[in-house]
Structure formats: C-alpha cells, structure tokens
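The exercises below work through a pocket, the helices beside it and the overall dimensions of one model.

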Amino acid sequence: MTSSRALEFLRTDPLRTTRVVPDPLPAPGPGELLFEVERFTLTSNNVTYARRGDALGYWAPFPAGEEGWGRVPAWGLARVVDGDPALAAPGELFLGYVPMATHVLVRAEAVSHGLRATAPEWAGMHPLYRDLLPVSGDVDDTGLAVLPGVPAAAHLGEELRGAARVVVSSATSRTAITAAVLLRRAGVPVVGLTAATRVGRAERAEVYDEVLDYDHAGDVRPAPGTVYVDVAGRPEVTAAVARALGSTLVRSLRVGVTQPDDEAPVAVPGPAVEQFNVGLRRVEVAAERGEEQLIALERRARDPLVAWAGAHLVAERVPGLEGAREAWTRTWRGEVDPLAAVTVVPRPGTP
C-alpha cells in the first residue's frame, strides 16, 4: 500500500469545511498507473467544481473514502511511480485532471496523444477531463497556470475569430483572459467587463482594448458584428449588454456552467443565448476533422498563452496540503490576485 494524503471537502459545505486525510493506495495492477502529484494549480474554476459538483459530476472522478465528503479535481502535473509498463514508464510526467492529493491511482488506456482514464467513475466525463498528456521539458508555475486552459482558449478563440468585436464578462478570469490573448493576436478587438474593484487588474493583463465595470455594462458602445461572451454567468449583465448593443449584437454565448436552478430567470433581449461547452466542442472537432487536427489546433494556442503568462503572471507556490486549505479559502473569497499563478506542491521538497 502506498502512503498518500488527500484534501477532502464536506460536500454540503465545500468552501468552509475541509480536511486532510490519509489515503492508502493499493499497488497498481494491469491497466493501472500510480502517480505522484507534483504540482496542481488552484483557481476560481476549482471553486466552481465544488459549488456545482453534484449537478455537473465533478465529485465523481476521485471518490472520497467516507460518505458526505468529496475531492475537488484540479489541473496539475503527475509523475509515474509504478504500474503497467505498456502504458508508461516510471518517471514519465503527465498533465491532466488530478485530485488535491499526494498520489493517485489511475486506470487508463493508451491513446494517440497520451493516456485516457477508463475507470467507471470517469464514464460521464468528456475526453478533455479524462486525458493525461505527456510533458517533456520544464514547465514553470506560470506556464502550468495557463496550460489547462489552452483547449478552452483555442476553441473559443476559433469560434470567435470572425467576429468584428467581442465583449466578455468576468474579464479577470483565466478563461476570459486567455481567450482574449488569442483573439487580439487574430486582430479581433476585445472589451472586458468585470467588478469595479478589478478593473485595474483586468487592464494590467494587457489583453483588452477597453475595460468597463458591471455597473456600466449598459455603456458598451454599439458596433456592428459584436459578439457577447458571458463567462461570469450573470444574465442581468447579458441583458444590459444586449440592450446597449441592440441590433449590432449578432451572437450571445455563455461559457461554463448553466444557470443555477435557484437563480431567477432574466429576460434577455436580442439573439438567443448559446451555451458553449469546450468539452463537447472538442468532441465535435475530433469527429469533424480528426484527432490530429484537434491536437494541432490546441498546440498552436499553447505558445502565445505560455508567453503571455510568463510576462504577466506572478508565481505563488504553496507548500503542502495544509497550505492548500488556506489558499483555498483565499481563492473562494476572491482574495487572490487574478494575475497570480497559485501552485500547490502536495509534498514539499518535490519539484
């Protein structure tokens, strides 16, 4: 049995009630690999995973050992310790969905671009979340902070390349910023919307032509061919933008989770709001163009995003799972600078 530790969250109160527990793992059998989790990133996306875990299945991949508790997934780097040599050799490094833990046992199969988790708990997940991609060379903490968002940025950027202008909410979120990096490279002007207290931070990202706070969403200037992208999940902001843009708004997309069940419906004028799901979009692209073209599209997005991160993100390394609990509290409270790359090292002393 491998001696491991894991960070767990009370599923009825995942933001405030957490614990670090021992997690003995059996030796890997055929078709299995034992990984040591070297580093994982902590962002507002993880908070969404916790808040919407039951509705969207985020608790499923890494079950907790006790009823009522769960393990919030994170994106990180994990190194093979032991397991089926037909899948990977000890020492090989992979990027993918991991638990907030020191180790993880994964049942997997080989695919053309790496590994794919195959345990029953993963059955309802898109390949985006099930795939482990081999990593060669050094990945610093700022690069790691944006690598998990490469698929979303690549596919959202491709979807919006033909827009005359894009307006995006949650302008300090990693999803909005990375998409804006690629859109600006493609010559598409981008307007960011965010909370009044975060306008300066959004401007520091240097990816927006203009930044407005939510109270002034109705002041967005009309421009023919504008597309609105709702990352914040705030229909009232979508409605304000639609009213301001009028007939110049040609599309309205919502990225991420659907409207919560307890949220009062808001009448949104203009084009019908389209749900954009990057996991589903990747499946569609793979079916339409083939897996090689899918991977090539995402690889093209990687270098400019890593370059932006190196120039604009400040690395914050958090040692240990106990340290991760404190960083988790700062993350859900919104106290982490959006231009900080928060990276947790579950076992201090590892790379």
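**Exercise 1.** Determine the volume of the second largest pocket and describe its lining.

*Solution.* The second largest pocket in this predicted model has a volume of about 500 Å³. A pocket here is an open set of points on a 1 Å grid over the protein atoms alone, where a 1.4 Å probe fits, with protein on both sides within 12 Å along at least five of seven lines, and lining residues have an atom within 4 Å of a point; the volume is the space filled by probe spheres set on the points. Next, 19 residues line the second largest pocket, and those nearest its centre are Leu95, Leu133, Pro134, Glu298 and Arg302. Two or more lining residues come from each of β6 (93-99), β9 (131-134), α5 (150-160) and α10 (291-312), where helices are DSSP runs of H or I with at least four residues and strands are runs of E with at least two. The most is given by α10, with 4 residues. By class, the lining has 11 nonpolar, 3 polar and 5 charged residues, with Ala, Val, Leu, Ile, Met, Phe, Trp, Tyr, Cys and Pro counted as nonpolar, Asp, Glu, Lys and Arg as charged, and the others, Gly among them, as polar.

The model is a prediction, in which local features need pLDDT of at least 70 and side-chain atom pairs pLDDT 80 or more, while totals for chains, interfaces and linings use all residues. Residues are numbered from 1 along each chain, and side-chain values use heavy atoms, without hydrogens and water.

**Exercise 2.** At what angle do α5 and α10 pack, and which residues meet?

*Solution.* The axes, lines fitted to C-alpha atoms over the stretch in contact, with angles from 0 to 180 degrees between N-to-C directions, lie 9 Å apart for α5 and α10, at an angle of about 105°. Therefore α5 is roughly perpendicular to α10, a class that spans 65 to 115 degrees. In contact (heavy atoms within 4.5 Å), α5 residues including Val150, Ala154 and Glu158 meet α10 residues including Leu294, Glu298 and Arg302. This contact comprises 8 nonpolar, 1 polar and 3 charged residues.

**Exercise 3.** What angle do α1 and α11 make?

*Solution.* Helix α1 (residues 44-51) and helix α11 (residues 320-332) cross at roughly 90°, their axes coming within 9 Å.

Note on methods. Parallel < 35°, antiparallel > 145°, perpendicular 65-115°, else oblique.
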